[in-house]
Amino acid sequence: MSSRNAYFTLIDHRYYRYRGCAADPDQPAQAQGDTAVPVNAWLPFTDDGGELPSVRNARQAAAQRVCGDCPVLAQCRAYALSVDSDGRLAEPEGVWGGMLPLERHRDLVARRTAKTPAAAAAAIDEKQLAECRTDQKQAVLRSLAAHVDEELVAYGASMDVRTANWHRSLLCGLLGLDKERATRQQLLAAARAHGVLPAGARVVPDGDVPIAAAPNTDGSRQRRLARGHRLQPTRPIQLILPGYEQLLRVPRPRRTHARGGPALRVVRVTAEPLTLDVLLPPVPAPALEPAA
């Protein structure tokens, strides 16, 4: 589809006026998808001076979070990924269809090298989509939309981590994605575009570093994605709360990976109140006067 046709397909959509990045009727400077996000969060930075990476990442993450619930996400992404007569992206800058400029340029390069996700997606038939709608894969997609951590995804889907990651890998193949390089956001976006993401599922954004769509045991896919974004993944601190010990990860040695971030630090939170041994002078008992 040409850029022109993709553009009119987007703006002529019956839900285009309800897109998340549109200006809120009561607050024109804020997005109607989330009034806490300004409408310029989707635009490239044009102010004087530079933009701090932390500020840019936070701005883009907020825009992507709103895109995740947009009713015209698929049409917006199709237009942004379309090319003009010169072979250039229709929208090379800004956040479009939940994708960053770098992600769209990589997709364009992949298409030029005949390794395009779009070409694989065109070959998806109803049999593959029916497989994506099985109870187990629907449970994985629902949990994957709500959680970023692979252990929590498995727990939410009521299965072990290995089985959950196996289903995530199968979903990548069924939806025409490269499991070696696809991100969690791309997998969920493909599931939404093909109508296999469970209804009402709210997609939680990855954060600064994209999460691998199908993690493997040695973490190489996650490190590959992190290096592509010039960031290194760090394992977060996981709090073990009383009554939720079953969420504890498999113990791992405390070491620093050669190319990854530091190993997971587990902090156990106890139910007993904390006490401080402080030496205080004794308080004399009050003197009592005899009754009259």
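Tutor: Let us begin with contact, which means heavy atoms within 4.5 Å. Leaving aside neighbours within four places in sequence, L225 is in contact with R181, A182, T183, P210, I211 and A212. This is a predicted model, in which local features need pLDDT of at least 70 and side-chain atom pairs count only at pLDDT 80 or more, while totals for chains, interfaces and linings use all residues. Residues are numbered from 1 along each chain as its sequence is written, and side-chain values use heavy atoms, with hydrogens and water left out.

Student: In which element is L225 found?

Tutor: Helices (H or I, at least four residues) and strands (E, at least two) are DSSP runs, numbered from the N terminus. L225 is found in helix α11. The protein has eleven helices and four strands.

Student: Is L225 buried or exposed?

Tutor: Buried means under 20% relative accessible area, exposed over 50%, and partly exposed in between, with a 1.4 Å probe and protein chains only. L225 has 9% relative accessibility and therefore counts as buried. Of the 292 residues of the protein, 39% count as buried.

Student: Which residues does T183 touch?

Tutor: Not counting residues up to four places away in sequence, T183 touches P210, I211, A212, A213 and L225. T183 lies in the loop between α9 (161-174) and α10, and with a relative accessible area of 5% T183 is buried.

Student: How far apart in sequence and in space are L225 and A182?

Tutor: L225 and A182 are 43 residues apart in sequence, and 8.5 Å apart in space, C-alpha to C-alpha. For the protein as a whole, among contacts between residues at least 6 apart in sequence, 54% join residues at least 24 apart.

Student: Where is A199 found?

Tutor: A199 is found in the loop between α10 and α11 (220-228). At 84% relative accessibility, A199 counts as exposed. A199 and R142 are 57 residues apart in sequence and 9.0 Å apart in space, C-alpha to C-alpha.

Student: Next, helix packing. At what angle do α7 and α10 pack?

Tutor: Axes are lines fitted to C-alpha atoms, for helices over the stretch in contact, and angles run from 0 to 180 degrees between N-to-C directions. Helix α7 (residues 135-146) and helix α10 (residues 184-193) pack at an angle of about 130 degrees, their axes being 11 Å apart. That makes α7 oblique to α10, given that angles under 35 degrees count as roughly parallel, over 145 as roughly antiparallel, 65 to 115 as roughly perpendicular and the rest as oblique.

Student: Which residues of α7 and α10 meet?

Tutor: L141, L144 and A145 in α7 meet R184, L187, L188 and A191 in α10. The residues of this contact of α7 with α10 divide into six nonpolar, no polar and one charged. Here Ala, Val, Leu, Ile, Met, Phe, Trp, Tyr, Cys and Pro count as nonpolar, Asp, Glu, Lys and Arg as charged, and the others, Gly among them, as polar.

Student: How far apart are the axes of α7 and α9?

Tutor: The axes of α7 and α9 are 10 Å apart, and the two helices pack at an angle of about 95 degrees. That makes α7 roughly perpendicular to α9. The contact is made by Q136, K137, V140, L141 and L144 of α7 and A164, H167, R168, L170, L171 and L174 of α9. The residues of the contact of α7 with α9 divide into seven nonpolar, two polar and two charged.

Student: How do the axes of α1 and α3 cross?

Tutor: The axes of helix α1 (residues 3-11) and helix α3 (residues 73-81) come within 8 Å and cross at roughly 160 degrees. That makes α1 roughly antiparallel to α3. From α1, the contact is made by S3, A6, Y7, T9 and L10, and from α3 by Q75, C76, A78 and Y79.

Student: How many disulfides does a search of the whole structure find?

Tutor: A disulfide is a covalent bond between the sulfur atoms of two cysteines. The criterion here is a pair of cysteine sulfur atoms within 2.5 Å. A search of the whole structure finds zero disulfides. The closest cysteine sulfur to that of C67 is in C76, 6.4 Å away, which is too far for a bond. C67 counts as buried at 9% relative accessibility, and C132 is buried with a relative accessible area of 0%.
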